[in-house]
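Try each task on your own before you read its solution.

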Amino acid sequence: VQFSASKYDLNNILGGVYLAIREDTESGETVFEFAATDGNRLSSYELVLDKDSSSSNFSRKEVVVPLRVISDVKKILETSVDEEIRISFLANKIIFFTQDRYIISRLLEGTYPRYKQLIPEGQDKIAQVNRKELVSCLERVAVMANEITNLVKLSFKDGSLEIESSNQDFGKAADNIDIEYIGEPVDIYFNVKYLVEPLKHINSENIQISMIGSLNPALIKPISDENYLHLIMPIKHESNA
């Protein structure tokens, strides 16, 4: 989820990754929540911890870890001799440690947005798309996108997704791929970078894109993993204003 955190003000609460450990009241399972948002997009993931590997003396803990620390934790996971990482909390600090490495970091202060309230419900326009085909199509069309806005237009209709971009100085580009689609046709505009980035972090062969309308946030989910969610805000365009 870390790529969705704000890169511009790293001391701001949105310049960190939200971590929460809670006990599910219905199942009794311990759930580890991860979330990051910069205001234009949101990524979240929920991981159910094994009872043997989870021991906490609290029913819920919420912290926000600076983005650069999360990057360092990833390096630890990639290079440590230990396959497991342990997490401890101490006042306003967090400790990540394995057998041979550790990081101690301060936590960002402030209240993280209640991001689950931002996730819309009732999407009636749903597309299922091959992830690799979508990424390739977006990258082909993106070469003509405006370098400042990175704007691309996605047109969803029965059986087909057409992607277009244009640049006043160089011209236009368009391509299309086959999809499974339910709902009325819809045109929606996005920053292409905000689309490609989450798609490259998803391992599922196929993904689902669900929408309400051209001005409402779209949800991207891997078909094979219901625990991951990416929300992306569309860009208002004169054609859908």
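Two strands count as paired if DSSP finds at least two bridges between them. Keep in mind that the model is predicted.

**Exercise 1. A sheet and its hairpin**

Task: Find which residue of β6 stands opposite F89, then work out how β5 and β6 pair and in which order the strands of their sheet come.

Solution: 
- Step 1. Start at F89: the residue opposite in β6 is I94. Another residue to look up is R86, whose bridge partner in β6 is F97.
- Step 2. Now take the whole strands. β5 covers residues 86–90 and β6 covers residues 93–97, and they pair in the antiparallel sense over 5 bridges. With at least two bridges required, they count as a pair.
- Step 3. Widen the view to the sheet. It is open, has 3 strands in the order β5-β6-β7, and its pairing is antiparallel. β5 and β7 each have a single partner strand, so each is an edge strand with one side left without a neighbour in the sheet. On average, neighbouring strands here are turned by 15° against each other, direction ignored.
- Step 4. Look for what lies across the sheet. Helix α1 (residues 67–79) lies across β6 and β7, and runs at about 170° to β7.

**Exercise 2. Two residues with a positive phi**

Task: Describe the phi, the place and the exposure of A91, and do likewise for N150.

Solution: 
- Step 1. Recall the background: most residues other than glycine have a negative phi.
- Step 2. A91 has a positive phi near 50° and is not a glycine. Its place is the loop between β5 and β6, a hairpin with 2 residues between the strands.
- Step 3. The relative accessible area of A91 is 75%. Exposed means over 50%, so A91 is exposed.
- Step 4. N150 is not a glycine either, yet its phi is positive, at about 55°. You will find N150 in the loop between α2 (131–142) and β9 (151–157). With a relative accessible area of 12%, N150 is buried, since buried means under 20%.

**Exercise 3. Sorting aromatic pairs**

Task: How many aromatic pairs are there, and is the pair of Y18 and Y112 stacked or edge-to-face?

Solution: 
- Step 1. The count is 5 aromatic pairs.
- Step 2. For Y18 and Y112, the ring centres are 5.2 Å apart and the planes meet at 20°, so this pair is stacked; the cut-off for stacked is under 30 degrees.
- Step 3. Y18 is in strand β1 (residues 16–23), and Y112 is in the loop between β7 (102–106) and β8 (125–130), which puts them 94 residues apart. Y18 is buried, with a relative accessible area of 4%, and Y112 is buried too, at 5%.
- Step 4. Compare with Y45 and Y228: here the centres are 6.5 Å apart with 45° between the planes, and the pair is tilted. Y45 belongs to strand β3 (residues 41–49) and Y228 to strand β16 (residues 228–232), 183 residues apart. Y45 is partly exposed at 23% relative accessible area, whereas Y228 is buried at 8%.
- Step 5. Finally, follow the ring pairs: they link Y18, Y112 and Y115 into a cluster.

Technical notes. Residues numbered from 1 in each chain as written. Predicted model: local features only at pLDDT ≥ 70, side-chain atom pairs only at ≥ 80, totals over all residues. Heavy atoms only, no water. Phe/Tyr/Trp six-rings, centres within 6.5 Å; stacked < 30°, edge-to-face > 60°. Helix = DSSP H or I, 4+ residues; strand = E, 2+ residues; numbered from the N terminus. Buried < 20%, exposed > 50% of the residue type's maximum accessible area, 1.4 Å probe, protein only. Axes fitted to C-alpha atoms, helices over the stretch in contact; angles between N-to-C directions. Contact = heavy atoms within 4.5 Å.
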